[in-house]
Every structure is written in C-alpha cells, then in structure tokens.
Amino acid sequence: MRHQRKSSMRLQSRWKTYLSLTLKRFEVYDSGATRHVSPYHRFVSYCKLRPHQPITVADGRTFLAVGEGNVAVDNTNGHGTTRAKLESVLHAADIAYALISIRRADDAGYSTVFENGECRIFSRATSTTIGRIRLLARLYQVRRRAART
C-alpha cells in the first residue's frame with residue numbers, strides 16, 4: 001500500500017510539473033463544483049490568507065485551500081474575447097488545475113447551455129454570450145498556453 005501511494009504521488013507530481021511547464025493555465029468548467037478553486041496564485045488578485053480549509057474533489061482526494069481572492073478569466077465568445085471576474089476563488093496550490101464552478105456562475109447571474117460538445121455561458125441580464133467552452137477529453141476545459149521566452 002505504501003509503495004502504491006508513493007507511485008501515485010510521483011505520478012501526480014510529474015503531471016503537475018508537466019502542466020506547469022507546458023501550460024500557463026488549465027481550467028475545467030464543472031457543474032458539480034460548489035466553489036471556484038485555482039492552483040495559480042499569480043492570477044489571484046486581492047488574495048487573503050485563510051486558515052487551511054480542506055477541499056474534497058469528486059474522486060475523493062482532499063486538498064488544502066490556503067487563500068481566497070478574485071480571478072479574471074478571458075473566454076472566447078464566438079467573435080472575440082470576454083473577460084469575466086470570478087469572486088471568492090479558493091487558492092489550493094496542490095490541485096492540478098483550476099475548477100470553475102457552474103453553480104457559482106449561476107448564482108452570479110449567468111446561465112449555461114450544454115450542447116454539441118460545447119458549454120455556452122451567457123449573461124441573463126444582457127443575453128450576451130461571455131464564453132464558449134469546448135468539450136475536450138470528456139471535460140469542458142480551456143488550456144492556456146505558456147508564453148514563449
């Protein structure tokens with residue numbers, strides 16, 4: 001059991017290293033998430049430290065949130081880009097990618113339509129599409145490439 005855990009931890013570490021080297025940000029839009037969560041501290045503005053709060057994800061693993069703040073997210077909307085501000089985003093450094101909560105988006109006045117391999121997010125107040133998120137590898141996700149140096 002101990003060997004299996006070490007092997008799993010090494011695999012998670014390799015995956016996290018791969019993501020950090022090849023992708024600036026990797027965001028999954030999740031209808032089951034109750035909070036927005038991000039491992040990307042440098043993108044969280046007005047981050048305030050908080051007592052470590054455990055976050056349990058769908059597969060049963062637990063991560064510790066160490067801060068909370070706001071994150072600006074740029075999404076393609078079919079004819080350009082729209083910036084949305086996510087509030088009260090938990091910062092958990094050990095989680096592999098950001099989770100964007102569809103439930104929190106609903107609470108903030110946005111609606112979603114899932115069809116044809118796409119999650120479309122629009123403002124109920126203005127009926128404006130603010131995001132079109134493609135279905136990739138069974139997840140609605142956005143991969144943001146790292147800038148070339």
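The entries below take the cavity and then the salt bridges.

I worked on a predicted model, in which local features need pLDDT of at least 70 and side-chain atom pairs count only at pLDDT 80 or more, while totals for chains, interfaces and linings use all residues. Residues are numbered from 1 along each chain as its sequence is written, and side-chain values use heavy atoms, with hydrogens and water left out.

**Cavity.** I looked for cavities (sets of points on a 1 Å grid over the protein atoms alone where a 1.4 Å probe fits but cannot get out, with lining residues having an atom within 4 Å of a point), and the count came to one of 30 Å³ or more. The largest cavity holds about 60 Å³, the volume being the space filled by probe spheres set on the points, which are joined across faces, edges and corners. Its lining has 13 residues, of which Glu27, Ser38, Val71, Ala98 and Ile100 are the closest to the centre. I noted that strand E6 (98-101) is among the strands supplying at least two lining residues, and that E6 gives the largest share, three residues; strands are DSSP runs of E, at least two residues, numbered from the N terminus.

**Salt bridges.** I counted seven salt bridges, each a side-chain nitrogen of Lys or Arg within 4 Å of a carboxyl oxygen of Asp or Glu. Glu118 and Arg132 pair at 3.1 Å, N to O, and this links strand E8 to strand E9 across 14 residues. Glu118 is buried at 18% relative accessible area, whereas Arg132 is partly exposed at 32% (buried is under 20%, exposed over 50%, partly exposed in between, with a 1.4 Å probe and protein chains only).

Notes
On a 1 Å grid over the protein atoms alone, a cavity is a set of points where a 1.4 Å probe fits but cannot get out, and a pocket is an open set with protein on both sides within 12 Å along at least five of seven lines; lining residues have an atom within 4 Å of a point. Helices (H or I, at least four residues) and strands (E, at least two) are DSSP runs, numbered from the N terminus.
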